[in-house]
Amino acid sequence: MTELRSILDEAVRQELISPEAGGRLLPFLTERGVVVAEVQPAMAAEGQAWSDTETPRFVRGFHDVLITIGVVVALGGLWGLAALYAVLPAIIVLSEILVRRQRLALPAVSLTIALFCWTCLLMSHFFPPWTPTSQSFGAEATQFVAGFPIILGVYYACYRVPLSLALCIMSVLAFVLTLLLRLVQWASGNPAFFLDHPVVLALVALICALGLLGTALYFDLGDRFRRTTRSDIAFWLHLGAAPALLYSTVSLLSLGEGVRIFDVGNMSARTPVVVATVAALMLIGLIIDRRAFVTSGLLSLGVAIFGVVRKGDATVDTYIFTTLIVVGAIVLIIGTGWMPLRRLVLRALPPAIAKRLPPG
């Protein structure tokens, strides 16, 4: 069914059928037992030259962009004028029209993000995740996170938006993280345990970040040629896994150097660690063919470079534009040389591993 849905979505993108017809054809064909035969990798290789396996499927044309602008503006106005509880019915109504009936991809992403923001405001109203004077990891953080998997999971069950499932998985891992932290704090008997032992906090965060990466790879490797929604789910998971890995790794390696854990403002204090970590993320991104995985770390790299240049004897304009030039050059080098670099990396890997990865 997933393959059939993907084919109908492609037909809509190429304007062969209307979105409404695509939505009606899917149950019609499914009820009559229509299935899609799996194309063997060898046949796929003979039929076409593989050029790019990371084509995003959430932007199908300017029609989607125009509708998305309308969704953002309308919800923004409603958010400012009405109560918080009035926004949820608007999200549901728009989802019924734009996602379930018209099957528009980019509006589905914007509505999922709106639902995530609404959930964040709702949960923070009842369970503030932290207080300025708190020195312990209390139950509020766990209660705050607990609502996200439920709401996002129900939304995915109703509308099958890949981003909603990805956010649901990430929130589940965040919930597990809070439970682990509370368990360690309770076992120690010290309410300020993580203030006294920040390395444990960084280590637990790194374990959960690796769990998120493993989940993303599970979806990714299950769809090597990236024809189904598993690839879309993996795209969003990788987008969250990269910064989680970056900040947890840098925090763990930066302890004892006068840098507070997860302190983004002092990221430049350990610029070599940041550069080495981002380089490792870029290598992983090349191996799994995920530019999104690489892009997530570039912002932190820019912050680190910005801090280094700022410490020198230069004006504000100088270190801002220097940072832009360095990061821009890195992006251009990676972007233009992605495929040749990836072929080199794949040739260096054992054949058993390379065959499970997207072709280069």
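Below, each label is set against its definition.

Modeller: First, the ground rules. This is a predicted model, where local features need pLDDT of at least 70, side-chain atom pairs count only at pLDDT 80 or more, and totals for chains, interfaces and linings use all residues. Residues are numbered from 1 along each chain as its sequence is written, and side-chain values use heavy atoms, with hydrogens and water left out.

Colleague: How many helices and strands does the protein have?

Modeller: There are 16 helices and 0 strands. Helices are DSSP runs of H or I with at least four residues, strands are runs of E with at least two, and both are numbered from the N terminus.

Colleague: What share of the protein counts as buried?

Modeller: Of the 360 residues, 40% count as buried. Buried means under 20% relative accessible area, exposed means over 50%, and partly exposed is in between (1.4 Å probe, protein chains only). The protein exposes about 19,000 Å². Carbon and sulfur atoms supply 69% of that area. Accessible areas come from the Shrake-Rupley method with a 1.4 Å probe, and for residues only the protein chains shown count as cover.

Colleague: How are two packed helices described?

Modeller: By the angle between their axes and the distance between the axes. Axes are lines fitted to C-alpha atoms, for helices over the stretch in contact, and angles run from 0 to 180 degrees between N-to-C directions.

Colleague: Why are α5 and α6 called roughly antiparallel?

Modeller: Helix α5 covers residues 84–101 and helix α6 covers residues 105–126. Their axes come within 10 Å and cross at roughly 160 degrees. Angles under 35 degrees count as roughly parallel, over 145 as roughly antiparallel, 65 to 115 as roughly perpendicular and the rest as oblique. So α5 and α6 are roughly antiparallel.

Colleague: Is the crossing of α5 and α6 left-handed or right-handed?

Modeller: α5 passes α6 in a left-handed crossing. The rule is that the near helix is turned anticlockwise from the far one by less than a right angle for left-handed, and clockwise for right-handed.

Colleague: Which residues of α5 and α6 meet?

Modeller: Contact means heavy atoms within 4.5 Å. On the α5 side, L84, Y85, L88 and I91 are among them, and on the α6 side, L111, L115, W118 and F126 are included. The residues of this α5 and α6 contact divide into 17 nonpolar, 1 polar and no charged. Ala, Val, Leu, Ile, Met, Phe, Trp, Tyr, Cys and Pro count as nonpolar, Asp, Glu, Lys and Arg as charged, and the others, Gly among them, as polar.

Colleague: What makes α4 and α6 roughly parallel?

Modeller: Helix α4 (residues 62–81) and α6 pack at an angle of about 20 degrees, with axes 8 Å apart. That angle makes α4 and α6 roughly parallel. Their crossing is right-handed. In α4, D64, V71 and W79 are among the residues in contact, and in α6, S110, C117 and L121 are among the partners. By class, the contact of α4 with α6 has 14 nonpolar, 2 polar and 1 charged.

Colleague: How do you know that α8 and α10 are roughly antiparallel?

Modeller: Helix α10 covers residues 198–221. The axes of α8 and α10 come within 10 Å and cross at roughly 155 degrees. The α8 and α10 pair is therefore roughly antiparallel. α8 passes α10 in a right-handed crossing. Among the contact residues are L165, M170 and V184 of α8, with V200, C208 and F219 of α10. The contact of α8 with α10 has 15 nonpolar, 2 polar and no charged residues.

Colleague: Why is R103 called buried?

Modeller: Its relative accessible area is 18%, so R103 is buried. R103 is found in the loop between α5 and α6. R103 is not a glycine, yet has a positive phi of about 55 degrees.

Colleague: What makes D289 buried?

Modeller: D289 has 2% relative accessibility, so D289 counts as buried. D289 lies in the loop between α12 (271–288) and α13 (291–310). Phi of D289 is near 60 degrees, a positive value in a residue other than glycine.

Colleague: Why is G76 called partly exposed?

Modeller: G76 has a relative accessible area of 41%, so G76 is partly exposed. G76 lies in helix α4. The C-alpha atoms of G76 and A114 are separated by 9.4 Å, and the two residues are 38 residues apart along the chain.
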